[in-house]
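I opened the notebook to record a few things looked up in one structure. The entries follow in the order in which I checked them.

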Amino acid sequence: MNRIKLLDKALIDKIAAGEVVERPASVVKELVENSLDAGSCRIEVEIAGGGLDLIRVIDDGSGIDEDDLILAFARHATSKISDESHLWALSSMGFRGEALSSIGAVSRVEMYSNPGQEGHCIQVEGGEVISLKPAPSPPGTSITIRDLFYNTPARKKFVKSAVTEGNQVYDIILRLAFSHPKVSFSFSNERRRVFQTSGNGHIPEVALAIFGQDYARRLMQFRGQYGAIQVFGLTSTLELTRKNRKGQIFLVNGRVVKNPILGVAMEEAYRGLLLSRERPVGIIYLTIPPDQIDVNVHPQKIEIRFNDEKAVFQAIKSGVRTALYQQANPNITGQQFLTRLESEQNNQSPSKGSSFTQYQSALPLKYDLQGVLNNNPDNWVPTRAVETEPESSQWGETRQQFTQSNEGFRPQVKTFGQWQDSYLVCELEGRLVIVDQHAAHERLLFNRLKETESPVHEQELAVPVAIELPEDLLTIAEAKSELLQELGYYLDRFGEKSMVIRIIPAMATDQEVETLMDILEQLQNHNLDDRLHLDEGLKILACKGAIKAGQRLDQLQINHLLEEWFRTDTRDFCPHGRPTCMVLEKSDLDKLLKR
Ligand code: ADP
Ligand code: MG
């Protein structure tokens, strides 16, 4: 057995560092929080190589005295608390005195600081102070971190690509900028200015500076009060959604916090207004009396718990929903709307639900035809339409009968027509089949895209379209340009926040921007490889190119669609996995109608 040994200081520092500095973004967070604690009005952040090569934070804060410079890099050295009582009355962001020592242990640091009269420069490498000398510098502090994790290869292995790490840094800084609107933040990545906020305290201006005009103008300002809770901020109109929750930022009493209830409440406000995969975007500020929250300050994140979760939920939901409602109905006041919302909620008791929903659970719905056809669909040749009755059916559409056109098994298909311009209703082998026209067509298009060699049909735009994108999507667009070209998108960088779209996939005509946004957001999922990304991209194209619900089809189109769909062996589900059809047996209806 190995003997017990005391660890040497360098190793202890490295272990401690692992807890505080996980990745470049956590270093940036610590440094910027130090600048904020020092009362800075302007903070500049610059990174290169995703922060692994270089992180520089410059502030105009209080600066550090010469005598304190070495101490600042010692572990558990802090100017922010001196005894335990301070722990409970904390207003500063950092207090453990661990950040600088940890960062110094795993990188090469150079810090200039000038508390007013004269400046000094300290160099620290792998935890050792290399030099400390007078150096002229402007008031405030400028700290440069190079070669992060150079002496901890194990940690470095966990760090992802420069693009991913750069995006994490961006995420951190934009959150800090929203939580400190009165501080001017600037962020540059690879010498390119990503954004700069003015520091004038106006939140919509922070959003404008960070996201650019196209994005920011789809955010609405709102404000509300629910008991002792105040809620305000920016929330998206229905035209601005994302496929993930990255666009949702919550701040309680000025700090960015995490708690699942917050996102749920926000999405509840949009219930019935967005598609199931769409997520709203927003920056939501809550002011809650401090005795009603429980904050656990972990170095990397702030988990929060609420004494009255329900009140927080209602505050967000009604605040956001009022904003949405007012945008749609500018003539109704917020109070009138809230009264209506309350009565809407009170009426939702199950006994008052529609009579049909009561039976829904009793209905054995089937979503696949495979069992119905009892036959290998590959061998099946669709029947040919031979007879068309004039407007006779109760659907107000023509009714068509397929008959056998060849030898062998031929299912009998009768199409009754289109219902609500969204569903195709037909009878197959004695069962009633209701087909979701969008999902069915989406499946067909996706299969076609997958089959051919160069799948996507491209179209050059007569007038190239310029779009402004948030930084994380811009970097993805640049990093994945080849994949985007396989999907039919040819883009070029254009200025600080924009790209120009020159060629688009033909299926995305008229929706080229939103389709691109969907694809870019999908590319943010780092768990997929490029082949899977391509597949997901093709699904998005198929979805955009497919016939929509609500689109009227003529009889010929209905027949074509149903024919091809019946022949497709993966017909039962759309590429996203939703069922394309519902099958009803006569016995199902009998049961439903209590015959
Ligand atoms: P903590 O922030 O928890 O006190 P740190 O290791 O982050 O610990 O910083 C140690 C000390 O260095 C701080 O308490 C503060 O006095 C000083 N310091 C660090 N960064 C700055 C800065 N940008 N401006 C002024 N003082 C700073
Ligand atoms: Mg700190």
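Across which strands does helix H18 lie? Helix H18, residues 512-523, lies across E23, E24 and E25. I noted its direction too: helix H18 runs at about 75 degrees to E23. The model I am reading is a predicted one.

Entry on the sheet. I looked up how these strands are arranged. They form an open sheet of three strands in the order E23-E25-E24, and the pairing is antiparallel. The edge strands are E23 (458-468) and E24 (490-494), each of which pairs on one side only. On average, neighbouring strands of this sheet are turned by 15 degrees against each other, direction ignored.

Entry on one pair. I checked E23 against E25, residues 498-505, and found seven bridges joining the two antiparallel strands. At one position, Ile467 stands opposite Met499 in E25.

Helix H16, residues 471-479, lies across E24 and E25. I recorded that helix H16 runs at about 50 degrees to E25.

Entry on helix H8. Which residues of helix H8 are buried? Within residues 203-211, I listed Ile203, Val206, Ala207, Ala209, Ile210 and Phe211 as buried. I then looked up what these buried residues pack against: the helices are H7 (162-179) and H9 (213-216), and the strands are E8 (192-196), E9 (219-226), E10 (229-236) and E15 (282-287). Last, I checked what comes after H8, and it is Gly212, with a positive phi near 90 degrees.

Conventions. Residues are numbered from 1 along each chain as its sequence is written. Chains are lettered from A and ligands numbered from 1 in the order in which they are written. This is a predicted model: local features need pLDDT of at least 70, side-chain atom pairs count only at pLDDT 80 or more; totals for chains, interfaces and linings use all residues. Side-chain values use heavy atoms; hydrogens and water are left out. Buried means under 20% relative accessible area, exposed over 50%, partly exposed in between (1.4 Å probe, protein chains only). Helices (H or I, at least four residues) and strands (E, at least two) are DSSP runs, numbered from the N terminus. Contact means heavy atoms within 4.5 Å. Two strands pair if DSSP finds at least two bridges between them. Axes are lines fitted to C-alpha atoms, for helices over the stretch in contact, and angles run from 0 to 180 degrees between N-to-C directions.
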